[in-house]
Amino acid sequence: MSFLFSSRSSKTFKPKKNIPEGSHQYELLKHAEATLGSGNLRQAVMLPEGEDLNEWIAVNSVPFPKNFMSVAKTILKRLFRVYAHIYHQHFDSVMQLQEEAHLNTSFKHFIFFVQEFNLIDRRELAPLQELIEKLGSKDR
């Protein structure tokens, strides 16, 4: 039990967030802090009425880890490989199901997102480069 009395015990367990005052997230954070002091932890974690679950979870989470962007890029690169596999190995099945429009729209959204924020190296996109150019040319 000595860990309860370490020098860290006087520090808050929740890191300070840099949320702009007056923003909706700031108001949610203030609500979270106010209910934490109430002594009722079950109430403190409940989603306030009318609030978005995603925002509530974001307000109550620790800051992004230093390697967040690297991890996100790895995940997105792997997701691209799933798309490439579907297009190269399963596109006939997609066409038989008449779902190619859905697949193309989903992939187009994905590609626009990763290109907008430079999340996947261009070399990694090479297996579907022709399709990427074709889908992108329709919006120019």
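This report walks through the main features of the structure above, from the whole chain down to single residues.

## The chain as a whole

Before looking at details, keep in mind that this is a predicted model. The chain holds seven helices and zero strands. Of the 140 residues in the chain, 23% are buried. Contacts also tell us how the chain folds back on itself: among those with a separation of 6 or more, 60% join residues 24 or more positions apart.

## How helices pack

Let us begin with a general idea. Two packed helices are described by the angle between their axes and the distance between the axes. Keep both values in mind for the two pairs below.

Take helix H4, residues 68-89, and helix H6, residues 100-116. The axes of H4 and H6 come within 11 Å and cross at roughly 150 degrees. Angles over 145 degrees count as roughly antiparallel, so H4 is roughly antiparallel to H6. The crossing of H4 past H6 is left-handed. On the H4 side, the contact is made by Leu76, Leu79, Phe80, Tyr83, Ile86 and Tyr87. On the H6 side, the contact residues are Leu103, Asn104, Ser106, Phe107, Phe110, Ile111, Phe113 and Val114. Sorted by class, the contact of H4 with H6 has twelve nonpolar residues, two polar ones and no charged ones.

Now follow H6 to its other partner in this report, helix H7, which spans residues 129-137. What is the angle at which H6 and H7 pack? The angle is about 90 degrees, and the axes lie 10 Å apart. Because angles of 65 to 115 degrees count as roughly perpendicular, H6 is roughly perpendicular to H7. H6 brings Asn104, Phe107, Lys108, Ile111, Phe112 and Gln115 to this contact, while H7 brings Leu131, Ile132, Leu135 and Gly136. The residues of the contact of H6 with H7 divide into six nonpolar, three polar and one charged.

## A buried tryptophan

Next, visit Trp56, which lies in helix H3, residues 53-59. Is Trp56 buried or exposed? Its relative accessible area is 5%, and under 20% means buried, so Trp56 is buried. Leaving aside neighbours within four places in sequence, Trp56 is in contact with Leu28, His31, Ala32, Ala44, Val45, Met46, Leu47 and Pro48.

## Residues in loops and at the annotated site

Some residues to look at sit in loops. Glu124 is found in the loop between H6 and H7. Not counting residues up to four places away in sequence, Glu124 touches Lys77, Phe80 and Arg81. Glu124 and Lys77 are 47 residues apart along the chain, yet their C-alpha atoms are separated by 7.5 Å.

Gln98, in the loop between H5 and H6, has a phi near 55 degrees. Asn118, in the loop between H6 and H7, has a phi of about 50 degrees.

The UniProt annotation "binding site", from an unreviewed entry, covers His85 and His90. His85 lies in helix H4, whereas His90 is found in the loop between H4 and helix H5, residues 91-96.

How accessible are these residues? The table sets them side by side.

| Residue | Relative accessibility | Class |
|---|---|---|
| His85 | 43% | partly exposed |
| His90 | 36% | partly exposed |
| Glu124 | 28% | partly exposed |
| Gln98 | 67% | exposed |
| Asn118 | 54% | exposed |

The cut-off explains the classes: exposed means over 50%, and partly exposed lies between that and the 20% limit for buried residues. Gln98 at 67% therefore counts as exposed, while His85 at 43% counts as partly exposed.

Notes: Residues numbered from 1 in each chain as written. Predicted model: local features only at pLDDT ≥ 70, side-chain atom pairs only at ≥ 80, totals over all residues. Heavy atoms only, no water. UniProt positions renumbered as here; feature names shortened; annotations may be inferred. Helix = DSSP H or I, 4+ residues; strand = E, 2+ residues; numbered from the N terminus. Buried < 20%, exposed > 50% of the residue type's maximum accessible area, 1.4 Å probe, protein only. Axes fitted to C-alpha atoms, helices over the stretch in contact; angles between N-to-C directions. Parallel < 35°, antiparallel > 145°, perpendicular 65-115°, else oblique. Contact = heavy atoms within 4.5 Å. Nonpolar A, V, L, I, M, F, W, Y, C, P; charged D, E, K, R; others polar. Left-handed = near helix turned anticlockwise from the far one by under 90°.
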